[in-house]
Amino acid sequence: KVWTLVLLVALVAAPVLMSNFLLSYMTIILFTLVGVLGLTVLTGFTGLISLGHVGFLMLGAYAYAIGVTRLGLPPEVALMMSAVVPAVFGLLVGIPSLRLHGLYLAITTLAFSHIVSASILAGCKFTGAGRGISIARPKMLGVDLSSDRVFYWFCLVMCILAVLVTLNFRRSYIGRALVAIRDNDIAARTMGINLVRFKLLAFLVSAALTGLAGALMGMYLSMVSVES
């Protein structure tokens with residue numbers, strides 16, 4: 001607990017002590033960690049391999065960008081959309097996981113990411129096609145995120161929340177069920193664990209966290225595009 005506190009103090013003080021160049025790297029690390037935690041839920045806890053998580057990252061980034069620029073939604077609502085939209089698609093991608101395993105599932109998820117990118121590029125003005133969508137850093141809950149320092153602290157808060165959610169998710173009954181599926185799905189089924197429900201739930205939570213990372217990435221770059 002002491003070392004954790006020291007780490008938190010160092011992370012909070014980083015914008016004051018670091019140069020802008022190093023601070024940019026720290027910001028990238030923080031929102032990337034949110035996406036990594038999403039992949040941890042799927043691959044680390046449940047043992048389902050995904051090579052197409054960039055698809056959920058794109059869906060989250062575009063859900064936020066379209067919500068803010070096309071639909072005129074408040075940034076807070078658009079940020080929620082960046083988690084909800086990938087979560088819905090996570091359920092759709094999770095359906096093949098009920099029958100596919102290992103390399104076959106990995107190839108399916110990789111195909112999904114290509115489908116997402118191709119659909120966005122074919123979306124014309126609504127998705128910005130190849131040009132992407134330009135977005136400005138918003139005011140979130142009354143806080144102006146246009147400053148690099150403030151945006152770093154915002155990403156730090158989101159990262160801490162994602163870590164806490166993932167840790168508590170792992171310790172819960174659902175998390176223990178996912179680990180049981182990872183270790184031996186036949187034994188897990190015998191013990192009464194519903195494989196369909198829990199595998200789909202793993203995809204849902206994983207996609208939501210990854211989509212949230214995509215929205216943070218879009219805010220940081222002030223541009224959402226398939227290429228980025």
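**Fold, core and helix packing of the predicted model**

The secondary structure of the protein consists of 10 helices and four strands. The model described here is predicted. Read from the N terminus, the elements follow the order α-α-α-α-α-α-β-β-β-α-α-α-α-β. The C-alpha trace spans about 55 × 50 × 25 Å along its principal axes. The radius of gyration is 18 Å, which agrees with the value near 17 Å that a compact globule of 228 residues would have. Of the 228 residues, 45% count as buried. Among contacts between residues at least 6 apart in sequence, 76% join residues at least 24 apart.

The largest nonpolar core contains 60 residues, and the members that touch the most other members are Val34, Leu79, Phe151, Tyr152, Phe154 and Met219. Two or more residues are given to this core by each of helix 1 (2-17), helix 2 (20-45), helix 3 (53-69), helix 4 (75-94), helix 5 (102-121), helix 7 (148-171), helix 8 (173-183) and helix 10. Helix 10 provides the largest share of the core, with 14 residues. For Tyr152, the contacts beyond four places in sequence are with Leu11, Ala14, Pro15, Leu23, Met26, Thr27 and Leu30.

Two packed helices are described by the angle between their axes and the distance between the axes. For helix 7 and helix 10, the angle is about 175° and the axes are 12 Å apart. Helix 7 is therefore roughly antiparallel to helix 10, as the angle lies over the cut-off of 145 degrees. On the helix 7 side, the residues in contact are Phe151, Phe154, Met158, Ala162, Thr166 and Phe169, and these meet Val205, Leu209, Leu212, Leu216, Met219 and Tyr220 of helix 10. Classified by residue type, this contact comprises 11 nonpolar residues, one polar residue and no charged residues.

Helix 10 covers residues 195-221 and includes Ser206. Ser206 has a relative accessible area of 0% and is therefore buried. Leaving out residues up to four places away in sequence, Ser206 touches Gly38, Leu39, Val41, Leu42 and His53.

Leu91, in helix 4, is partly exposed, with a relative accessible area of 33%. Beyond its neighbours within four places in sequence, Leu91 is in contact with Leu200 and Leu204. Leu91 and Ile28 are 63 residues apart along the chain, and their C-alpha atoms are separated by 28 Å.

Positive phi values in residues other than glycine were examined at Cys124 and Ala129. Phi of Cys124 is near 55°, and Cys124 belongs to helix 6, which covers residues 124-127. With a relative accessible area of 53%, Cys124 is exposed. Phi of Ala129 is near 50°, and Ala129 is found in the loop between helix 6 and strand 1 (133-134). Ala129 has a relative accessible area of 19%. Because the cut-off for a buried residue is under 20%, Ala129 counts as buried.

Key: Residues numbered from 1 in each chain as written. Predicted model: local features only at pLDDT ≥ 70, side-chain atom pairs only at ≥ 80, totals over all residues. Heavy atoms only, no water. Buried < 20%, exposed > 50% of the residue type's maximum accessible area, 1.4 Å probe, protein only. Contact = heavy atoms within 4.5 Å. Core = buried A, V, L, I, M, F, W, Y, C linked by side-chain atoms within 4.5 Å. Axes fitted to C-alpha atoms, helices over the stretch in contact; angles between N-to-C directions. Parallel < 35°, antiparallel > 145°, perpendicular 65-115°, else oblique. Nonpolar A, V, L, I, M, F, W, Y, C, P; charged D, E, K, R; others polar. Rg over C-alpha atoms; globule rule 2.2 N^0.38 Å.
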